[in-house]
Amino acid sequence: MGSPEAITGVRTAALAAGLDGIRGVLFDIDDTLVDLEFAMTAALRDVSEHLLPALDQAGWEKFGRIFTRETTHFYDRYLAGELTFNEQRLLRGRAALGHFGVELAEGEQAHHWVSSYASRQHGYIRAFDDVTPVLDALDAAGIPYGAVSNNVHDYQRVKLDAAGLARISVLVGTDTVGAAKPDPAIYLEGVRRLGSGAGETLYVGDNRLLDADGSTAAGLLGVWLNRGGEPAPGFAGREIGTLLELLE
C-alpha cells in the first residue's frame with residue numbers, strides 16, 4: 001500500500017511510467033472503487049446473527065466467503081438472465097446458511113432476509129482509501145475517468161453516490177448496452193463516453209479475467225488490481241496492489 005506521504009502528495013503526481021499516453025481511465029466498481037466485500041459481510045452478519053447465535057468469528061468468516069466468493073455462479077446466472085437480482089442474492093444466502101444447517105424458509109422469512117440484507121448493505125457502502133487521491137490526481141491532470149460495471153446502471157449509481165463518489169459521472173452498466181464483461185461492447189461504450197480511444201484508455205479492476213484480460217482483449221490497456229496479493233502464475237499483464245501505484 002502507498003505510504004502516508006504518497007497519499008497526501010499525489011495531487012500533483014503524474015501517472016506512472018509507461019502510462020504517459022493515457023487519455024482516459026475506466027474503473028470497475030465492486031471491490032475496486034467500493035469495498036463491497038466489507039459491506040456484504042457486515043450486512044450478512046447483521047441479518048443472520050439471530051439464525052446463527054452460536055457462530056464464532058471463524059464461522060462468520062466462512063459464512064462471508066461462501067456468500068461473496070463461493071456462490072458467484074448464481075450471479076453469473078443473473079447476468080445470463082436466468083435469475084433476478086434478488087433471486088441470486090437469496091440463493092447465495094441459502095447456500096451460506098445451509099452450510100451451517102439453517103434452512104431459510106420460503107415466503108415471508110426469505111423476503112424479510114433479502115430486504116433486510118439489502119437495506120443494511122447500503123449503510124456499509126464505502127470507498128477504499130486509495131480512490132479519492134487517485135481521482136484527485138486525474139482531475140488535476142485533466143484526464144477523464146468513469147466506471148464500467150457488471151451490474152445495472154441505476155443500482156451502481158446509487159452505490160457510487162453512497163460511497164461519496166458522485167464525481168464519477170460516466171457510468172456504464174450491463175443494461176446500458178445490453179452486454180456484460182467480458183463482451184467488448186461494454187468496455188468500448190465506456191471509452192466512447194470518455195471521448196478517448198481504446199488504445200489510450202486504462203481499465204482497472206479487481207477481476208483478472210473480466211477486468212484485466214477482458215478489457216485488454218477489447219483493445220484497452222487492462223490493469224489487474226490485486227489487493228489481496230492473489231497468486232496468478234503465468235499472468236503477464238500489468239498488476240498493481242493499490243490504485244496509488246497508478247501514480248508512482
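Biologist: What makes Phe100 partly exposed?

Modeller: Its relative accessible area is 26%. Buried means under 20%, exposed means over 50%, and partly exposed is in between (1.4 Å probe, protein chains only). So Phe100, at 26%, counts as partly exposed. Keep in mind that this is a predicted model, where local features need pLDDT of at least 70 and side-chain atom pairs count only at pLDDT 80 or more, while totals for chains, interfaces and linings use all residues. Residues are numbered from 1 along each chain as its sequence is written, and side-chain values use heavy atoms, with hydrogens and water left out.

Biologist: Where is Phe100 found, and what does Phe100 touch?

Modeller: Phe100 is in the loop between helix H5 (85-99) and helix H6 (108-124). Helices here are DSSP runs (H or I, at least four residues), numbered from the N terminus. Not counting residues up to four places away in sequence, Phe100 touches Leu52, Leu55, Gly59, Lys62 and Phe63; contact means heavy atoms within 4.5 Å.

Biologist: Why is the pair of Phe63 and Phe100 called stacked?

Modeller: A pair of aromatic rings is described by the distance of the centres and the angle of the planes. Rings of Phe, Tyr and Trp (its six-membered ring) pair if their centres lie within 6.5 Å; planes under 30 degrees apart count as stacked, over 60 as edge-to-face and the rest as tilted. For Phe63 and Phe100 the centres are 6.2 Å apart and the planes are at 25 degrees, so the pair is stacked. Phe63 lies in helix H3 (residues 57-70) and Phe100 in that H5-H6 loop, so the pair ties together parts 37 residues apart in sequence.

Biologist: Is Phe63 buried or exposed?

Modeller: Buried, because its relative accessible area is 1%.

Biologist: How do you know that Tyr75 and Phe85 are edge-to-face?

Modeller: Their ring centres are 6.4 Å apart and their planes at 85 degrees, so they're edge-to-face. Tyr75 sits in helix H4 (residues 72-79) and Phe85 in helix H5, so this pair ties together parts 10 residues apart in sequence. Tyr75 counts as buried because its relative accessibility is 16%, and Phe85 is buried too, at 18%.

Biologist: What makes Arg126 a charge over the ring of Phe38?

Modeller: The rule wants NZ of Lys or CZ of Arg within 6 Å of the ring centre and within 35 degrees of the ring normal. The charged end of Arg126 is 3.6 Å from the centre of the Phe38 ring, and sits over that ring. Arg92 also lies over a face, that of Phe67, at 5.2 Å from the ring centre.

Methods
Helix = DSSP H or I, 4+ residues; strand = E, 2+ residues; numbered from the N terminus.
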